[in-house]
Structure formats: C-alpha cells, structure tokens
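Here is a friendly walk through the structure shown below. Keep the view open as you read, and follow along chain by chain.

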Amino acid sequence: MRIATGGLIDREKPIRFTFDGKPVTGFAGDTVASALLANDILLMGRSFKYHRPRGPVTAGSDEPNALVTVGEGAEARPNTRATCQEIYDGLTVTSQNRWPSLRFDAMAVNDLLSPFLAAGFYYKTFMWPRAFWEKLYEPIIRRAAGLGALSGQPDPDRSEKAFAHCDLLVIGAGPAGLAAALTAAEAGADVILATEDTRPGGRLLSETVTLGDQTGREWADRMAARLAAMGNVRVMARTTVTGVYDSGTYGALERVAEHVMPGEAPPTCFWRLVARQAILATGALERPIAFPMNDRPGILSAAATRTYLNRYAVSPGARVAVFGNNDDAHRTATDLAAAGVTVAALIDTREDATSDGAWPFYPGAEVIETQGRLRLEGLTIRKPGGTLRIGADALAVAGGWNPALHLTCHMNGRPVWQEDIAAFVPTANAIPGLTPCGAALGTFSTAGCLEDGRRAAEAALDALGHSPKPIDLPDAEDTPYSPPATWAVTAPGRAWLDLQNDVTTKDVHLAARENFRSVEHMKRYTTQGMATDQGKGSNVTALAILADATGRTIPETGTTTFRPPYVPVPISSMGAGHAGKGFAPERFTTSHEASTARAAPMIEAGLWYRPSYFPVHGEKTWRESCDREVRMVRECVGVSDVSTLGKIDIQGPGAAEFLDLVYTGTFSTLKEGRIRYGLMLREDGHVMDDGTTARLGPQHYLMTTTTAAAGPVMAHLEFVAQGLRPDLDVKLTSVTDHWAQFAVAGPRARDLLNSLLEEEVTDDAVPFMSCWLATVSGVPVRLYRISFSGERGYEIAVPARYGAALWRLLVAQAESLGGGAYGIEALNVLRIEKGFITHAEIHGRTTAYDIGMQAMMSKTKDFIGKAAAARPGLTESTRERLVGLRPRDPANMPLPGGFLFTKGETPSRANAQGYVTSACWSPTLETHLALGFLASGPERMGETLRFTDHLRNRDFEVTVTDPVAFDQDGGRMRG
Amino acid sequence: MRYSGFKVFLEGLRGQSGWKPVWRDPEPKPVYDVVIIGGGGHGLSTAYYLAKNHGLTNVAVLEKGYLGGGNVGRNTTIVRANYFLPGNSEFYSHSMKLWEGLAADLNYNVMHSQRGLINLFHSDGQRDAFARRGNAMINQGDDAVLLDREGVRSYLPYLDFDNPRFPVYGGLLHPRGGTARHDAVAWGYARGADRRGVDLLQQCEVTGIDIEGGQVTGVQTTRGPIKAKKVAMIAAGRSGQVAAMAGMRLPIESHVLQAFVTEGLKPVIDHVISFGMGHFYISQSDKGGLVFGGDLDFYASYAQRGNLPMAEHVMEAGMALMPMIGQARVLRSWGGIMDMSPDGSPIIDRTATKGLYLNCGWCYGGFKAVPASGFATAHLIATDRPHETAARFRLDRFATGRGLMDEEGTGAQHNLH
Amino acid sequence: MRLTCPHCGERDLREFAYKGDALALSRPEANAELQAWHEYLHIRDNPAGPTRELWYHTPCGSWMVAERDTATHAVHRTMTPAEATK
C-alpha cells in the first residue's frame, strides 16, 4: 500500500503500465515492484522448481523471486528484476514460468510432489528404459524448467559498447563511495563514479539517518551535484560494474534507456572501464534467516522493507511483523510505525534485547511457521514460554549483512571469515589496485563508511601520485554492529535458502548425508546459488548450514566465491553492434561496383568479397557461366581481379638473405626483374603458404601470398625479421590494399595489354616469370608475367585509386577481343586443370613432400621448417600425397571430401587410402577432374580406385593421374 | 545402494532419511597396486574401469581438491564423435558407444542427451572440409548428415538467414552428438569406483613421485607417503607440474578456455550448434540456461578465468549467428585450464619410467573423452599395452612426426588448436 | 588485460596476438640434432607462475617479449625481442 507522504517518487507524475494485461498506476520514481506493492500486488512470480507463489524479497538486483518479462516483441526482456525495472508510460509487464496464470499455476503440482523431488533426485532415476530419458523425461523436464521465454524474434541490435579510462573508478555511490569520489576528485584525479542505482546515495536513499544537519538523501544529493559539476568527474548512474578483469579493466553495464519506451537511444551500453586504481564501495546485502515456510509473498528483507517505505513510500502490508537478530529489525519497526503502518510484532532472537516502541515485542523469539498461500496471512513464533500466532500480511526479516564483495572474487580471491560480524569480508589485495571500503569491507555505521571511503581514496591517491586535500565529512551515526550468527531456525518444515531454485535446508542436509561435504559439491548437487541471483542472498547461509550439518566451522567448511558478471548481462550488450553485417569488416576490391553492376554474385573470401562468375544473357546456371569463362581464358583472354592476394613489400640490404630463410627455395640468386615461385613452411615442416615473389631491385622484393594467409604470413615474416634475424636490415610493409591487381590470361593476353600499354609488351621484354614497369594512360603500372590459369598470363598492378578505372578498361578491351571478365569459379577450374594447389591442398597438414614439391626444398641452405620437415614421419612414402583423379565415367564428379579406397574394398576408416580436396567439371577436357591425396599416391599412377562419398551417395571408380591434367609441359603459359 | 525410481519414491515417503554416502572418505593405505594422480573425470573413469574391466580394486585416486573439480566440472557439456583423423576417429567413436550405455552402467543418470549437433559452414571450402569430416565419421561407423542451407533452416529456423555477414551454406549434422550433465559424470564414476573398492582420497595433494632405478615406487602426498608399483598421472590442466615431479617435460602448454551460461529460459535451442565463421557454440541445458563458449583466450594461463576480448567475441558471434538470443542475459562465466598439445590431440602412453603412465593433452576434447580415456588408460595400466582405440595417442609422435593428429591444421603452436 | 607495446605504449589485450614461450627466439642451429628441434617446437616448461613469452602487436607489427605470470596474469615487463636476447 502507498504511504500518503514522503518518498523519492513524484506524485505529480502518475505512470500507467500493465501487469499481465491489467492496468496499474504508479508514480515517476517507482520500480515495477514498488508500484505493484503500492497496488497491493505481492504475487509477482513463481519459483523455478516447485512453482511456489512468490513476491519480492529485495529492492535491488539481488532479487531472486520477482522476475518478470518486460516489454513486447523483439526487445522483450525475460527474467527482468521487477525490483530494478523503472516504470514508464506504456510499459507492459508479464509474469512468467506459470500456466495458465500467475494465481493458478498448474505446475504447482510439483510442490505437492516435493517430498519426492529432493536435491539430486534426477541423478537417481529416469534411467529405465533407456530410450525414455530422451523421449519422455527430458522433454518434460525441459518444458517445466526455464523461467521467462525469449521472444524468438531477432534482436534489433541497438545496444552499444564503449571504452572509458580514468585514474580512479569508484564502484558504488553510497556514503563510502561518495566520500571516496569526493576525496579523489578534490585532489585532481580523474574519477568515474559508477552506481547501479538511478542516482547516487546508496542506502542513504533508503534510511532515515542524518549527516550533520541534513538528511541522508539531502547530503547525497548535494554531493552528487558537487561531483557532477567537477570537470574531472564522470558520474555514471544505472551502471553496474559487472566484472573485474586483468590490468585494471572493469566491465560495466549501463542501462541507458531501459527505463523509457524503446526509441532512439540504445537500450544499454557495455563499458570497458580502464582504471589505474579502483575503490569498491558496493555496500552490503542483507541476508535472510531460514525459518519454516519463509518463502511466502509478503516476507521480505528488512532492508528492502525500509527501502520501499522510505524511498518509494510503499509498505508491503498493512500489518507488518519484523523478525531479526540485530538492531536493523528495530530500525525497521521504527520506520514502519513512523509511516503509520501497524507493527504487528517485533521478534528478536536476542534474549537480552529491549525495545521501547509501541508494538508487541518478543525478545528471545523466533518465527517457526508462517501461514497464507498467495500472500502471507500470519506467522507462528516460538518465544520463551511457548508459541504464539500473530496475524500479519507482511514480515520483514533482518538476518544481518553480507558485504557485497563479489567483485573481489573475480580474480580468484577467496573471501575470509570475520567472526565479529559473522560474515565474509574481501581478502586483502584480492584485486591489484582495488581497495574495498565501507560496508563492502564490513564497516556498517554511516560514520564508519564515510571515513572508510576517505581513507580508501587517500590510499588510491597515494598510489596515483596525487596528494589528498582535506575534505569535510559530516557527523553521522556510528552504531556498533555485531549481530549473533543466526542462520536457521530449528523447527519442522521446509526452510528455503535459494528461493528461486527451491533449495531448502533439508536439501543441504541431504547433500551432507550423501557425503557431498565440499561446499562445491553441495552447491552443484543441490543447485544452491545457481539461480539468476547467483546466491547473493543465500550462499553464505547455505554454507553455514553445511558447516553445521558436517560438524565443521564455517572457515573449515569453505568459503564463498562469485564469478562474473555481478548481474546478468544481455548478450545484445556484450555482443553489441555485431549482428548482421556488423559481425566483421567488409573488404571490397576496386572492381566491386563494376562486378555487382554486371550481376556477378559476390561471395565471401575471408573478409573480402570476390565475384563468383559474370553471367551473360541467357545463362541459367553458374556452370554455364563458369564453363564459358574457362573456355574464354583458354581460347581468347579473360581478366580477373586478384587484388585480394596478399602483397608484402620487402626492402633492405638483408632482404635477399631474409627470403632465403623464409622460403624453401633460394631468392638471393633471383635476378632483378624476375619472379620466382616460393613455398613457405611453418617451422614444424608443414606448408604454410605459397606465392610468387618478384625482385624489383637489388634490395627490393615484392612477395605475394594467398588471400587467406596474408595476415598470418605478415606476422610470421615480422617474427622472423624481428625475433630470429634482428641482424638483418630488412623492412616489411603490407601493400595489399595499396595496389589493385588484375590477372590478364589467355592466348590473346598480350594483345590486350598492347592495346592499353604505352610500351609494347614482347616476350623478349617480358618473358615468363618476369616483371616490368609500364604505363597505362599516363599511370605507371607494374606488370608481372605469371600464370595461375596455365595460359599466357600477366598480372597488372596499379595504385588502388586507379583500380576501378583500369578494371573497366581491361574488361572493355577483353570484350572487344572476344573475351571478358572471369570470376573465382572459373579461376578454380583453370587451376585444377593445371594441378595448381590452393589451401584446399595446403590445409596445414601437408608437407612439401606430400604436394610433390620436395625438389623445391633447398639442400644447400637453412630455411624455416627444414629441420622439422626431415622428421622420419614426414618423409615416409606411404604418406598421403597429391595426385590427380579422373572418373572412369566423365559425368561422375569426385566431390571434395569424399574418400578413396582400393578397388573392391569396403569403405571403412581402416581401408581409407586418401581423400579428394578439389574437383570441377573441366570444359577443356570434357570430364570431371579432381585433386586429392592418396597413400603412396605418385607410385600408383593409373590405378583404379573406389571413390565413395557416403554423405552424398556417390560410389564410383576413379583413375589416379598426374595432378596436371592440361598442358603438362607448360608450353601455353611460357608462350 | 542401487538407485531407481522406486528407491526415490520410497525415500520420498520417509523423508529422504535412508540415503547413504555416495562415496566413502577412507584414510590412505600405505600401499596400493595402482595410484592415480588426479580425481577429475579421466582419473575417476580410469579407476572405475581398472576395477570393472580388470579387477584391480586396490587402487587410490588422489585429488588435491574435491572430486570432479577440474574441467569435468567446468565445461560446456558437449558429447560428440565427429573427428576425422585416424586416432581421434576410433577413440571418440568408442567413447560415444560408452556414453550411450553410461547411465545404466553406472546406475547414475548422467543425463546423456543425444539431441544432435550441427556444425555450420559458410563457404565452399568449409563445406568440403566438413564433407571430409562427415565421410570420415561414416567410414568409422558413426553418423553424419550433410545439410544444405534449407536443411539447416528446417532445423534452426532462428539463424540469421536474411542479412548475415557470412551466409550459412549448410551444416554437418551429427545426430548422436549432444550433451551430458557434467558433474553427474564425475560423481557417477566416483561412486562406481568407490563401490568397487577404490579409495577416493580428497584433499590429498601429491608432492613427489618416487622413482628408484627407473621404476616408480610410490608418491609423496600431503596425507603421507603412499607406495605403488604403478602410478598414473591424469591431471590435465596441471599435467606439467605433476610430470615435473617425475623429471619429465611435456609437449603441453596450459591455456584458459572460457564458457558462459545465461539465465534460465524456456526451451528455444534444441540442438548443439557451432558457428563456422566465429568462435561460438551453444546448447541449452535442461534447466534452461543457454550454455555457450568460444575459443581459448590464446595466452598461457592457470587462472581459471579469462578476459573480455574473447568473452565479447563469443557474444558478438552469437549475435551474428542467432540474433534472437540477444535478450538472454549471461549469468555466469568461468574458465577451464586446457592442456594444449602441439597437434591438438591427447596423449595416453607409458613413460620412460617403468610403471609410470601419462594421460594428458586433452585440449578441448576432455569431457566427451572421459569414458574412452578411462577405458583405454585402465587397459594400458593393467596390461602395459595400449588399447587399440588409443594406440595412436603416443607421446613420441611429435619427435618422429609420425601419426600427428592435427585436426585444425594449425601446426605446432599449442594455442592454435 | 593490458600489455605495453615497446613502440606504442599500453594497449588492450585485443590488439595483441600470443605466440608462445619466448624460447621460440632461440632457434636451434640448422644442423642441430632432431631432439633439439623437438624441444624447440614442442616441449614447454609451462610454468604456473612467471614466464617469458612472445606477443605480436597487430596494429604496428611489433613483436615483443612479455614477462608475465600465468597464475595471476600480472604483466611485469615487456621489451623488444632484441632487448630480450641481449
């Protein structure tokens, strides 16, 4: 119910939203939970396992119960904490994990079966008959499990990611965080103050404390305003620091626009905050007490009760009982009474406690039972002298505090037990550069937090080399806090620990009985702490119960740990900007537009796009186009964009010696103006890449790599240059993007060039495997006479800015000669006909020997990979080695990925003799052709083999041939 | 105590009071026939098969922490037999057969769920590579189906088929691939070994390996010395440190692999799916969490935690492949330490020291390998001969270059597999 | 994680590629025994603690040696390969 006055809500601004279709009105400043509570709606969810009715127990991100789906359509957000979601006009909120309705949930039958569904029951059954697990049991379990549902629609990917850097990151903006931020900011440090809340203040917004002559919230507002006005401070509200990573890197989720109707703004921004120092001022989380039937809607934490009361002007009930083991229970009763709410009872476990309030007070008492179904109706307490039933529609529970030390566990720091506050505190130096303070460190008074914040900031400033300036901190309460450890009430009945996963104290006892004594075993066996709140409220209590059940102390039993993220982070936040084309950069060649203008299908080649083929009128299939393009190259002339091949410019006095080391062959003897084919091995003796390298000058080479290997080869060469041969004076520059390069291939290639170049190309001037400088329309070009097609071939390179123009020119000239452009399908056929390899053959497991290039391995010099390639296993003739394959029936295509078997053998692993790597229809030879690897291949020329492709149902005979199927002596390309 | 639905029902009636400890906590004996260093999945399954297949029950498993606390308890639970190189093929095929009878064999429901695994491909080259893989799987006697784009769509209609950076060309479906409940595997093997008399010694860290005259004689532990004529080092993630106690240096580098799970969600992903153009694979657990992972963080680590670049990459790849998971929230991330070998494949072999055996180098393959690894290692320990399914997992293959199993084709750089 | 490129200064992990143990700088002589090559290529000390390793700063093309702790991920020092082998 709403309290008539007070709170940080704006009563002038009513907000209308719906919950399960029903209209609800709250005020600006409300969360879904506070607005529903204001409307006396306590039932907000169902538990995971038993589908028990649940209401909120917290007012923050540690909420295990009040999970709802927010919004509609593609951006609907399941499992949203009603306790954090701010309301806005038009918001739709839907309850989840219930059928048909929240009030009547058929799956609640699980609760009746709960005696049979104890921790780990599923490991002990559903095993017979075997097929039933997958066919029956698992589908039922899967349907019953889960919480909310995804919309099933593609996320529009509107969130963003960003980096920010600072001297000091202050995590949390309660009294400790504000004091720390102020101290550091006044000293001149660049400060980021991040708070999960909508505004700075922390518990000051929820409590009735005073700081000096101001209320807590007045002081917080003034500090926030003061910080916001400073140029060296960035206050980030609605920003949860989610994870701690190495070297002062913090992940943070900013909810930029989840509190307004979806519109222009990104819903979230995932920040990578890089901080030289950080301060953990995340406060503490109040913990529950495990008493029988402690899960009913209306039972919530005392701290949350005060938050609802003081911040949202909402009471969870009209008659509220308070149960606790420390003074917070009394504080809660006081605040309730001050707000005009009836305090049904104050129950304090401490026998010596006193209270002067005008409410029934029961010291030395405990709650042993509760009543009600969809909301609390009453409770039974055990007090000195007997039991008593108390009518109440809400119960606030103050079990003490657990420091919110989660982030200190993210680098494997294990919290340590501090007996006087019966809680874990951060272990010292758990995170390099992160200083915990305030309640996160186990300091619970307001004055203590302020002072602690200042102290932590001074330590951080010291590390940063800044001198602190004196700042004034106000007087505040300094109440000592040393509660007894109260974990569970001994009484019959189920007492919940992990509310969402329905883990009770009985489950922990069962785990102990079955000897799951390690806290990790207990957690995994019972699922304690595995719910969406990651056990923020319950893990410590569960550990204490396990300690008790196994007769050990808490430190003996273990410790608690947490993994990132602190609060769940949407995949759309950490993965922002990468849906669709955003996943990877797109690289376009200079001919891209001209190719697409001709309706060439562009296909991905790494990050590049390359034309598959260039259809002409009347062609219905890619094969028709491809066959035409192949014939065009073989009979006339074709042009193809080969700019995607890697190009590395290598210069310096050491260039020649350097190339001799990285290639199997010798390049120091290569004459200027000449080109040589190079084979590059990895140091482990397998082929890394191949390509041609031209010597442009005495100390100047240009290497080409395959498209795929351009990056790795560059890194490899840099490694050799910087790491292995720093004595060689050689400079490497990737010039892949600088040059547009086009292959001109075919019997009329020279004619085409001579129609464009200002100089005349002759075979004397430009013999096979040479390079030449020439001019086209006044633009200097490089001409390389190389061939990947087996025809007379040239590659012409221009600075990339002329690429588009040159391409148009080349295609036009080619067409005028009866040729034209060809794509990578034809390129592939041309090279298979010639037995030229690509990464289909040099796939990382093949050696120079395997591809028949052992002769290219120099015997007279060292080169990368030479020693390892000589290992006995890499030189055995029985290895699978490169061969050509030709089907007995030319119409049969030996598909890549199919296997080779000796004729007549069963196609099994043990019988496999090899496999096919590349295949095509050869319009030149009018047969299908393939390349593949075959055990002892070169020794089996002419043998008939069985080709089998189980996947595509092919089974026919092929003949082993030389890899080079066309123009074996190479006369055509040499001209 | 035998588990059954009836027993669960009975215990439900009597308040779960009759369950017995799932394993004992015995005191270490001074002498065992076999000592296994490492109480993870592989160590426990080795102990189980030593007892079950070879009648060797005077066996101790020494675990420095708690049973199943290593990678068997921190993986993405995927079980598959889709390798293509000889050695891996027969081994993982054998493992799959063992998985298929595991719940009944262990009398423990390991929730093995053969929901089907689909490896997506995004280019002709990738199709060819997956075709080779699929054919190799069928050659081995396992199952594989090559799906075209529409075939993939019929299974996974929620992938981005409309505007992807890298279009789906098709996928290799492995119908028998799936998942299992990781912790249950460790516990099931532990319980099975314990029931057959194996001593499971937790909080028992090995501090030294005793060798006399080329023969292993026992180990030093934090719970005292233990004698044994046969000692098996089965401590993936810490293999190097354990082997160093025997004076060995290994071809292993340790790397961290992160994994992630989202909040529970109603069933939405019914298969195990892996992306071909980014590091991303995903399935949905029976509890409803989307369980997914990617590649190594790529730097050597023992920290069991990773950093943001790979975490972000994995989620970016998820957004690219199946943007409908955008509103799922990542609940928890963790890291496991991988024994990365130079060819990406494992080692199960004798060592130069008599009676000392080595099981390591599981890279990412560890979880699905648990049954066959224990089976083969137990065979090796009991008979001193390699089991036929693991005969190629030799330690000397790197020195000789013979029988390398480099499925990724990335060569002798440990972190690239 | 952040590493300091000897040329560019401190940068985020995502700009770097890892190669492995810095022993890769100590390439055996061409005529060394196969065992030496085997150890160079495959065998690793793989310490759970301080180690020296090779990293590549992709944007600028620099290789460097980092002294880093594999247990804590602390980066103690980075240097050029030339400095490392001095």
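## Chain C

Chain C has 2 helices and 6 strands. Reading from the N terminus, they come in the order β-β-β-α-β-β-β-α. Keep in mind that what you're looking at is a predicted model.

How big is the box that the C-alpha atoms of chain C fill? Taken along the principal axes, it's roughly 40 × 25 × 25 Å. Chain C is built from 86 residues, and 51% of them count as buried. If you take the contacts in chain C between residues at least 6 apart in sequence, 43% of those join residues at least 24 apart.

## Chain A

Now over to chain A, which has 22 helices and 50 strands. Its C-alpha atoms fill a box of roughly 115 × 75 × 55 Å along the principal axes.

There are 975 residues in chain A, and 64% of them count as buried. As for contacts within chain A with a separation of 6 or more, residues 24 or more positions apart account for 67%.

## Where chain B meets chain A

Let's bring in chain B. On this interface, 123 residues of chain B are in contact with 120 residues of chain A. For chain B and chain A the buried area is about 9,900 Å², with carbon and sulfur atoms giving 55% of it.

How many salt bridges does the rule find across the interface of chain B and chain A? There are 10. One to look up is between the side chains of Asp183(B) and Arg524(A), where N and O are 2.8 Å apart. Polar contacts turn up here too: 73 residue pairs between chain B and chain A, both residues at pLDDT 80 or more. Helix α5 of chain B, residues 124–139, gives the largest share of the side that touches chain A, with 11 residues. Sorted by class, that side of chain B has 55 nonpolar, 39 polar and 29 charged residues.

## Where chain B meets chain C

Chain B touches chain C as well, with 27 of its residues in contact with 26 residues of chain C. The area buried between the two is about 2,200 Å², and carbon and sulfur atoms give 49% of that. Which three residues supply more of the area that chain B buries against chain C than any other three? They are Arg249(B), Tyr299(B) and Tyr302(B), which together supply 26%.

The rule finds 4 salt bridges across the interface of chain B and chain C. Arg14(C) and Glu312(B) meet in a salt bridge through their side chains, at 3.1 Å from N to O. The count of residue pairs in polar contact between chain B and chain C is 18, with both residues at pLDDT 80 or more. On the chain B side, β12 (253–264), β15 (289–300), α9 (308–321) and α11 (397–400) each supply at least two of the residues that touch chain C. By class, this side of chain B comes to 14 nonpolar, 8 polar and 5 charged residues.

## A look at Glu253(B)

Glu253(B) sits in strand β12 of chain B. Is Glu253(B) buried or exposed? Its relative accessible area is 3%, under the 20% cut-off, so Glu253(B) counts as buried.

Who's around it? Leaving aside neighbours within four places in sequence, the contacts of Glu253(B) include Ala300(B), Met338(B), Asp339(B), Met340(B) and His414(B) in chain B. Glu253(B) also reaches chain C, where its contacts are Tyr18(C), Gly20(C), Asp21(C), Arg44(C) and Asn46(C). The side chains of Glu253(B) and His255(B) make a polar contact at 2.7 Å. For a sense of distance, Asp194(B) is 59 residues from Glu253(B) in sequence and 32 Å from it in space, C-alpha to C-alpha.

## A look at Glu254(A)

Back in chain A, find Glu254(A) in strand β14, which covers residues 249–254. Glu254(A) is buried, yet it has no salt bridge. Which side chain of opposite charge is nearest to Glu254(A)? That's Arg234(A), 5.9 Å away.

Setting aside neighbours within four places in sequence, Glu254(A) is in contact with Met236(A), Ala237(A), Arg238(A) and Thr239(A), and with Pro267(A), Thr268(A), Cys269(A) and Trp271(A).

Terms used. Residues are numbered from 1 along each chain as its sequence is written. Chains are lettered from A and ligands numbered from 1 in the order in which they are written. This is a predicted model: local features need pLDDT of at least 70, side-chain atom pairs count only at pLDDT 80 or more; totals for chains, interfaces and linings use all residues. Side-chain values use heavy atoms; hydrogens and water are left out. Helices (H or I, at least four residues) and strands (E, at least two) are DSSP runs, numbered from the N terminus. Buried means under 20% relative accessible area, exposed over 50%, partly exposed in between (1.4 Å probe, protein chains only). Lys and Arg count as positive and Asp and Glu as negative; His and the chain ends are not counted. Contact means heavy atoms within 4.5 Å. Buried area is the accessible area (1.4 Å probe) that two parts lose on being put together, summed over both. A polar contact is a pair of N or O atoms within 3.5 Å; within protein, one must be able to donate a hydrogen and the other to accept it, and residues adjacent in sequence count only if both atoms are side-chain atoms. Ala, Val, Leu, Ile, Met, Phe, Trp, Tyr, Cys and Pro count as nonpolar, Asp, Glu, Lys and Arg as charged, and the others, Gly among them, as polar.
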